[in-house]
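Hi,

Here is the structure I promised to pass on.

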Amino acid sequence: MRTLKISVYLLAMAVLQSVLLARVTWWGVYPDLLLVSVIILTVFEKDLAAISFAGLAGFTQDLLSIGVYLNTLVKITVAAVIVLVKESFVGREKSLVLWLVLVLSPVCVAIEALALTIILGQTMSLAFFCLNLFIKTGLNLALAPLLTKLIRSFTSE
């Protein structure tokens with residue numbers, strides 16, 4: 001039952017992000033719900049389950065977007081980094097989530113911009129890159145507590 005709940009959550013977040021939030025943007029920028037969900041689930045869950053969720057979330061996001069498997073690679077890497085970091089973190093898990101969102105959101109924006117430049121040959125202006133960096137990080141930080149409560153309710157037995 002728990003796996004079904006997490007699967008429904010993943011599908012709902014993927015559709016919400018790729019269908020609704022992609023059309024309702026703030027200066028062309030929208031939050032990355034799946035990245036925040038991967039961060040939260042990796043902090044609160046066991047390592048293998050978290051990395052599996054990250055791979056599935058990234059693959060789902062790739063299926064619904066440009067499909068160059070960049071999201072799958074990024075989400076799995078993010079989950080692996082968090083698995084390595086969370087054992088040595090001293091403090092509350094909720095504060096770890098916020099710190100990780102604050103640090104990893106800009107890194108993912110930079111990786112996405114670099115990939116668009118290298119793989120697809122698209123260029124991004126420096127002003128839009130900085131705007132994207134700050135707005136996406138702010139939106140991800142704002143949504144992290146809400147998604148944390150939602151994920152905790154889904155994952156509790």
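At 58% relative accessibility, Leu63 counts as exposed; the cut-offs are under 20% relative accessible area for buried, over 50% for exposed, and partly exposed in between (1.4 Å probe, protein chains only).

Before going on, the ground rules. Residues are numbered from 1 along each chain as its sequence is written, and side-chain values use heavy atoms, with hydrogens and water left out. The model is predicted, so to speak of local features a pLDDT of at least 70 is needed and side-chain atom pairs count only at pLDDT 80 or more, while totals for chains, interfaces and linings use all residues.

**Overall build**

The protein has six helices and zero strands, which reads along the sequence as α-α-α-α-α-α. Its C-alpha trace spans about 45 × 30 × 25 Å along the principal axes. The radius of gyration is 15 Å, in agreement with the value near 15 Å for a compact globule of 157 residues (taken over C-alpha atoms; the globule rule is 2.2 Å times the number of residues to the power 0.38). Of the 157 residues, 41% count as buried. Taking contacts (heavy atoms within 4.5 Å) with a separation of 6 or more, 72% are between residues 24 or more positions apart. The accessible surface comes to about 8,700 Å², and carbon and sulfur atoms hold 72% of that (Shrake-Rupley method, 1.4 Å probe; for residues, only the protein chains shown count as cover).

**The nonpolar patch**

Leu63 also belongs to a nonpolar surface patch of about 670 Å², together with Leu11, Val15, Val19, Phe59, Leu64 and Tyr69. Helix H1 (2-21) and helix H3 (47-63) are the elements that give two or more residues to this patch, and H1 has the largest share with three residues. For the cut-offs: patches are made of residues with over 30% relative accessible area and no salt bridge, with like charges joined within 9 Å and nonpolar side chains (Val, Leu, Ile, Met, Phe, Trp, Tyr) within 5 Å.

**A buried serine**

Ser37 lies in helix H2 (residues 33-44) and counts as buried at 0% relative accessibility. Its side chain reaches the backbone oxygen of Leu33 at 2.8 Å. Leaving out residues up to four places away in sequence, Ser37 touches Tyr9, Met13, Phe53, Leu147 and Ile151.

**Salt bridges**

How many salt bridges does a search of the whole structure find? It finds two, a salt bridge being a side-chain nitrogen of Lys or Arg within 4 Å of a carboxyl oxygen of Asp or Glu.

- Asp32 and Lys75 meet through their side chains at 3.5 Å, N to O. Asp32 is in the loop between H1 and H2 and Lys75 in helix H4 (residues 70-86), so the pair ties together parts 43 residues apart in sequence. Asp32 is buried, with a relative accessible area of 9%, and Lys75 is buried too, at 1%.
- Asp47 pairs with Lys86, the closest N and O atoms being 3.4 Å apart. This pair links helix H3, which holds Asp47, to helix H4, which holds Lys86, across 39 residues. Asp47 counts as partly exposed at 32% relative accessibility, whereas Lys86 counts as buried at 12%.

Cheers

Key
Helices (H or I, at least four residues) and strands (E, at least two) are DSSP runs, numbered from the N terminus. A polar contact is a pair of N or O atoms within 3.5 Å; within protein, one must be able to donate a hydrogen and the other to accept it, and residues adjacent in sequence count only if both atoms are side-chain atoms.
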